[in-house]
Amino acid sequence: MAQLGADSGPKQSFDIDNGQRFADWRLTVSTGTSASQDNKDAITELYATDELPAKLHYVPRSARLGGTYREAIPDMGTVDGGKTCEPKVNTDAQGRTTLSWPLTGIPVDGGKHIIHFSTSIGDMTDPGRDIDSQESLETRATVRSKNNMSQPSTYLSTVDTFTIRTFRHNTTSLSTSALQAINEASAPIGFTSMLAATPRRSSYAIDILPHRQSGKDADSHGQPVLADMSIKATGFSLTRSNLDGVTIRYTTDPGKQVYDTASITSGEFNSWSIATLDQETGKVDMPKNVTAWALIVDARSSQSRYDITFHLDPGDNSPGDLYRNRWGNAVNQVPAQAMVVQRSVSGMAWYDENGDGIRSADDTLLKDVRVTLLGQGNQPVKSVVTPHQVLTTKTDAQGHYRLTDLPAGDFHLRFDPAPDTDWAHLTTTAPNADRVAQSENSSAGPL
């Protein structure tokens, strides 16, 4: 557990009513020390797993190897530095998830290697699958090495568990969720916020729209603005108009882009401007630069549930951008977030000395090989980020290459030799060798 509790130890209790919907994790793996001076440069490959219970959900693209963690309770924490290490994610029929990481090129020197990742807690969109009043959620982590694939055990310190406890006092009456958790760059970002109310009783909820934070901690590029909004009511009414008793108020004041909806009093939001609401279609009209809005249901309403769907025009955003929506009232607040997908491709160029298709310690790593992403008709592909440059790079001294900010689609890579290199007599090595880790075989073929 990366977050800290009141006693400065690992955080174990999460208050769902106060929006503590994210648990940040720190998975630490290490190797033993070399047995002798002759083996001081030894490296290995580690295989780490973390098993999550059904009500903990891995947040895509949150995993990083190394870096510096910064807590942001109740929001998801952030990691500065390190490198992306997205796990393989497998979820079974009962909703339990196993995260798996292969870690390559790890020195056998006793050093510690930390994987940071985040999970969301419960399901705000489905009360039947959400957190109950009190629950205990246990995770189980294991690690194996390439040279020791024995069953993990607590005796060998290759297994560890940690339990968090969640609690809540209010029943689920509010939820918000992203229409798509992962979005393309420049595509509209959508959310749905729900209020379940007791018919013939007054209720309200406030939505603080995602916005670009200032300073170095900004979550996104560009400034999102409201594109459209609509509301749908469901319940017991059989009358033609089922939005009677519903008012939506809004403000364009940037000062209302606060964290806590409870800090906005009824006197404040009842003084906001009234949006135009079409009782027949549910369409809502308000200015594009709205910063927060409130759904107010008075005692005339005979409906029990209201779903408000809206989209944001993100402006000139970039892969990796994060949008957080906050929905709540004085006693309950729930967050939701959407991300802009960040696609990448990486690998290693090397000379296979014996032609077996397996990269070994005797093989030469190739520097300055030009790697270019190609699409239809073998045309170079451009980045989704302004100024949309061609996606090409050179391998480093260790033969590594990495291209980021890829668009969606099917592509392949072209490898051009380093300057003054004669490759005329060479060909690609045997592809997809059996019984070897994916990081040590080749998937390249001739054009």
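Analyst: In this predicted model, strand 26 gives the most to the lining of the second largest cavity, contributing 3 residues. Two or more lining residues come from each of two elements, strand 25 (322–328) and strand 26 (333–340).

The surrounding chain may be described next. The protein chain contains 1 helix and 33 strands. Of its 447 residues, 42% are buried. Among the contacts between residues at least 6 apart in sequence, 71% join residues at least 24 apart. The chain exposes about 23,000 Å², and carbon and sulfur atoms supply 47% of that area.

One sheet illustrates how strands are arranged. In general, the strands of a sheet pair through backbone hydrogen bonds, in either a parallel or an antiparallel manner. An open sheet of 3 strands has the order 31-30-33, and its pairing is antiparallel. Strand 31 (392–394) and strand 33 (412–416) are the edge strands, each of which pairs on one side only. On average, neighbouring strands of this sheet are turned by 25 degrees against each other, direction ignored. Strand 30 (residues 370–374) is joined to strand 31 by 3 bridges, and these two strands run antiparallel. Val371 stands opposite Thr393 in strand 31.

Definitions and conventions
Residues numbered from 1 in each chain as written. Predicted model: local features only at pLDDT ≥ 70, side-chain atom pairs only at ≥ 80, totals over all residues. Heavy atoms only, no water. Pairing = 2+ DSSP bridges. Helix = DSSP H or I, 4+ residues; strand = E, 2+ residues; numbered from the N terminus. Axes fitted to C-alpha atoms, helices over the stretch in contact; angles between N-to-C directions. Buried < 20%, exposed > 50% of the residue type's maximum accessible area, 1.4 Å probe, protein only. Contact = heavy atoms within 4.5 Å. Areas by Shrake-Rupley, 256 points an atom, 1.4 Å probe, with all protein chains shown as cover.
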